[in-house]
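The sequence and structure are shown first.

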Amino acid sequence: MRGEYKVPGGKLVAVDLEVHNDRLSDVSVSGDFFLEPEEALLDINAALTGLSVDASVEQLTSAIEGAVDSQTAFIGFTPEAVGIAVRRALGKATGWHDHTFDVIGPVTLDPAMHVALDEVIGREVADGTRPPTFRFWDWDSPLVVIGSFQSYANEIDPEGAAKHGINVVRRVSGGGAMFMEPGNTITYSLVVPKSLVEGLSFERSYSFLDDWVIEALAEVGVKAHFVPLNDIASDAGKIGGAAQKRLAAGAVLHHVTMAYDIDADKMTEVLRIGREKMSDKGTRSANKRVDPMRSQTGLSRDAIIDAFLQTFRRRYATHDSDYTEAELAEARELVDAKFSKREWTHRVP
């Protein structure tokens, strides 16, 4: 059996092994990483040999750490990365190339529908009725989408929201507020089975699931990097932020919003947190437009989305798809029964 894991921003780890009586046997770790001292590789192989096939990534990691000297240097990889490769070899974790992704380009909908579709598609991916799905949002009206745990009163200025006719919806994932007007951000959702992030901490799973977008940004002329926990930035500053929800049914919802052309004055009238972020920069007025993607690339929003889609399709096996009538009907029901209800939107006052 063989499993591989590419560390985001790091090196490839491969593990070849056999199984005898539900125990790991003949374990051999290899890759383009660096390890000092080199003899530690034998210790790693020995530590894994004999462990149960049901050992978790945490248990595998602990066994490796306990077998090597405290001065051992793992360069370009980690004991955790080895554990993930072992789980993939055993078929208990999956990699990107084990899946074919449904890809749905921008479809203009009420923005609350996209919030609901995250939940609908999450359930379908979890139960296997839809493959892992990558989709872009597009919307026809303004909306603020707040994170699952944000305080409504602390985030939203009701007078500003009423003045600009902007509604508020709470999503199922954590993270910060998304100030969304037609054409002002680039937003996508990625829903994958939990097996794809098997053994990854929440922090590592953010960079792992968005590793492809660093390449996509480079394609449009932006040299980007991750800023823990969940931000994507360039030398010119923050580009966007990610939010994530591990669904109990067995899927992971991951989405990213990048500013394209935001009216920052309006944003700070609607979002209280916007004022606080401006104040810590010594800025009295937000009269400039917040447009890192537009100014950094010089490209239209559609051109950037097309470039992102091309990168994703080039890296992974994909199938062009669309929303089914059943999915849209279920999303409408969720908007009516949950996402438009005050009880949900104000559940954190």
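In which loop is Asn 21 found? Asn 21 is found in the loop between strand 2 (12–20) and strand 3 (23–31). Helices (H or I, at least four residues) and strands (E, at least two) are DSSP runs, numbered from the N terminus. The model is predicted, so that local features need pLDDT of at least 70 and side-chain atom pairs count only at pLDDT 80 or more, while totals for chains, interfaces and linings use all residues. Residues are numbered from 1 along each chain as its sequence is written, and side-chain values use heavy atoms, with hydrogens and water left out.

**Backbone geometry**

Most residues other than glycine have a negative phi, and most peptide bonds are trans. Asn 21, a residue other than glycine, has a positive phi near 55°. The peptide bond from Glu 36 to Pro 37 is cis, with omega near -5°; Pro 37 lies in the loop between strand 4 (34–36) and helix 1. Another cis peptide bond joins Pro 228 and Leu 229, where omega is about 5°. Leu 229 belongs to the loop between strand 12 (224–227) and strand 13 (231–234).

**Helix packing**

Axes are lines fitted to C-alpha atoms, for helices over the stretch in contact, and angles run from 0 to 180 degrees between N-to-C directions.

| Helix pair | Axis separation | Angle |
|---|---|---|
| Helix 1 (residues 40–48) and helix 2 (residues 57–67) | 9 Å | about 135° |
| Helix 8 (residues 211–219) and helix 12 (residues 301–315) | within 9 Å | roughly 130° |
| Helix 4 (residues 111–127) and helix 13 (residues 325–339) | 8 Å | about 115° |

With its axis 9 Å from that of helix 2 and an angle of about 135°, helix 1 is oblique to helix 2. Angles under 35 degrees count as roughly parallel, over 145 as roughly antiparallel, 65 to 115 as roughly perpendicular and the rest as oblique. The crossing of helix 1 and helix 2 is right-handed (the near helix is turned clockwise from the far one by less than a right angle). Their contact (heavy atoms within 4.5 Å) is made by Asp 43, Ile 44, Ala 47 and Leu 48 of helix 1 and Leu 60, Ala 63, Ile 64 and Ala 67 of helix 2. By class, these residues divide into 7 nonpolar, no polar and 1 charged. Here Ala, Val, Leu, Ile, Met, Phe, Trp, Tyr, Cys and Pro count as nonpolar, Asp, Glu, Lys and Arg as charged, and the others, Gly among them, as polar.

The axes of helix 8 and helix 12 cross at roughly 130°, which makes helix 8 oblique to helix 12. This crossing of helix 8 and helix 12 is right-handed. Among the residues in contact are Trp 212 and Leu 217 of helix 8 and Phe 308 and Phe 312 of helix 12. The contact of helix 8 with helix 12 has 6 nonpolar, 1 polar and 5 charged residues.

Helix 4 and helix 13 also have a right-handed crossing. Their contact includes Met 113 and Ile 121 of helix 4 and Leu 334 and Phe 339 of helix 13. By class, 12 nonpolar, no polar and 7 charged residues form the contact of helix 4 with helix 13.

**Second largest pocket**

The lining of the second largest pocket comprises 18 residues, with Glu 4, Arg 88, Gly 95, Trp 96 and His 97 nearest its centre. On a 1 Å grid over the protein atoms alone, a pocket is an open set of points where a 1.4 Å probe fits, with protein on both sides within 12 Å along at least five of seven lines; lining residues have an atom within 4 Å of a point. Strand 1 (residues 2–6) gives the most to this lining, with 5 residues.
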